[in-house]
Amino acid sequence: MTGPLIIVNLKAYAEGTGEQATRIAAAAREVAEESGAVIGVAPAYTDLGIIARDYDVPVYAQHIDGVVPGAHTGHVTAEQVRAAGAFGTLVNHSERRLTLAEIDAALSAARRCGLQAVICTNNVATTAAAAALAPEYVAIEPPELIGTGVSVSKADPGIIERSVAAVRAVNPEVKVLTGAGISTGECVKIALELGTDGVLLASGVVKARDPAAALRDLVSLL
Ligand SMILES: O=C(CO)COP(=O)(O)O
């Protein structure tokens, strides 16, 4: 049985970079094994290869550009993150927003390379639009709650319910994650009860004094 998916986005946090990133990856591996949850990490590009090589966790890029390999300075291709060991990629995170055409191109690139795609969205309408592109996952994250410690599960359960309904209406094959302010097992439990397949979070783990304990709390009510 495969449990829900939890993706820890390390963003560009100092606490989620270098050695700290590998510590979080090790904790993710351990807690996933204990709990049956699938716990992925989305490290900075600079840490992606090492984590994919040395830690047995699904690794996600935080972004890819929808270009083919070639003369694109400062871009990162699906081929590059795949070769570095990525399993999937976030696309259109609120802190890395793209146009609809760019989202479509990034998704095509992900497909070309066999990367699982998680399209992030900021409201119900963009969630429905993202579902129409048929990625493996959409992740609804109200931007005003990101990084606040105020959980979407408690502050705005309606947006989760409406997003799940919108995705089911557009393409029931697409799975739904939610995020913003998620930090406890209760937040995860509510998100799952509202019909999601898991959560996407950052600060609740990355900035925790003990990331392993924070991860254990997240899976405590599964
Ligand atoms: O943006 C997020 C995950 O991608 C959510 O961030 P926080 O968990 O810090 O609110």
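This is a predicted model: local features need pLDDT of at least 70, side-chain atom pairs count only at pLDDT 80 or more; totals for chains, interfaces and linings use all residues.
Residues are numbered from 1 along each chain as its sequence is written. Local features need a pLDDT of at least 70 and side-chain atom pairs count only at pLDDT 80 or more, while totals for chains, interfaces and linings use all residues, and side-chain values rest on heavy atoms, without hydrogens and water.

The chain has an average pLDDT of 97, and 99% of its residues score at least 70. The pLDDT is the predictor's confidence in each residue, on a scale from 0 to 100. For the complex, the predictor gives an ipTM of 0.99 and a pTM of 0.98.

The largest nonpolar core contains 62 residues. Such a core is a set of buried Ala, Val, Leu, Ile, Met, Phe, Trp, Tyr and Cys residues joined through side-chain atoms within 4.5 Å. Buried means under 20% relative accessible area, exposed means over 50%, and partly exposed lies in between (1.4 Å probe, protein chains only). I6, V8, I39 and L215 have the most contacts inside this core. Helix α1 (residues 19-35) supplies its largest share, seven residues. Helices (H or I, at least four residues) and strands (E, at least two) are DSSP runs, numbered from the N terminus. Another core, of 11 residues, lies apart from the largest one; among its members are A42, C120, A139 and L177. In soluble globular proteins, nonpolar side chains tend to be buried together.

V8 illustrates the packing. Residues up to four places away in sequence aside, V8 touches I24, I39, G40, V41, A42, L201, V205, V206 and L215. Contact here means heavy atoms within 4.5 Å.

L201 sits in strand β8. With a relative accessible area of 4%, L201 is buried. Neighbours within four places in sequence aside, L201 contacts I6, I7, V8, N9, I182 and L218. L201 and I182 are 19 residues apart along the chain, yet their C-alpha atoms are separated by 6.0 Å.

L201 also belongs to the lining of the largest cavity. The structure holds one cavity of 30 Å³ or more. On a 1 Å grid over the protein atoms alone, a cavity is a set of points where a 1.4 Å probe fits but cannot get out; a pocket is an open set with protein on both sides within 12 Å along at least five of seven lines; lining residues have an atom within 4 Å of a point. Grid points are joined across faces, edges and corners, and a volume is the space filled by probe spheres set on the points. The largest cavity holds about 100 Å³ of space. Of its 15 lining residues, K11, A180, G181, L201 and A202 are the closest to its centre. β8 (198-201) and α9 (203-206) each supply at least two lining residues.

The largest pocket holds about 250 Å³. It is lined by 16 residues, of which Y45, Q62, H63, E95 and R96 are the closest to its centre.

Most residues other than glycine have a negative phi. N92 lies in the loop between β4 (88-91) and α4 (100-112), and counts as buried at 11% relative accessibility. A134 is found in the loop between α5 (124-132) and β6 (137-140), and is partly exposed, with a relative accessible area of 34%.
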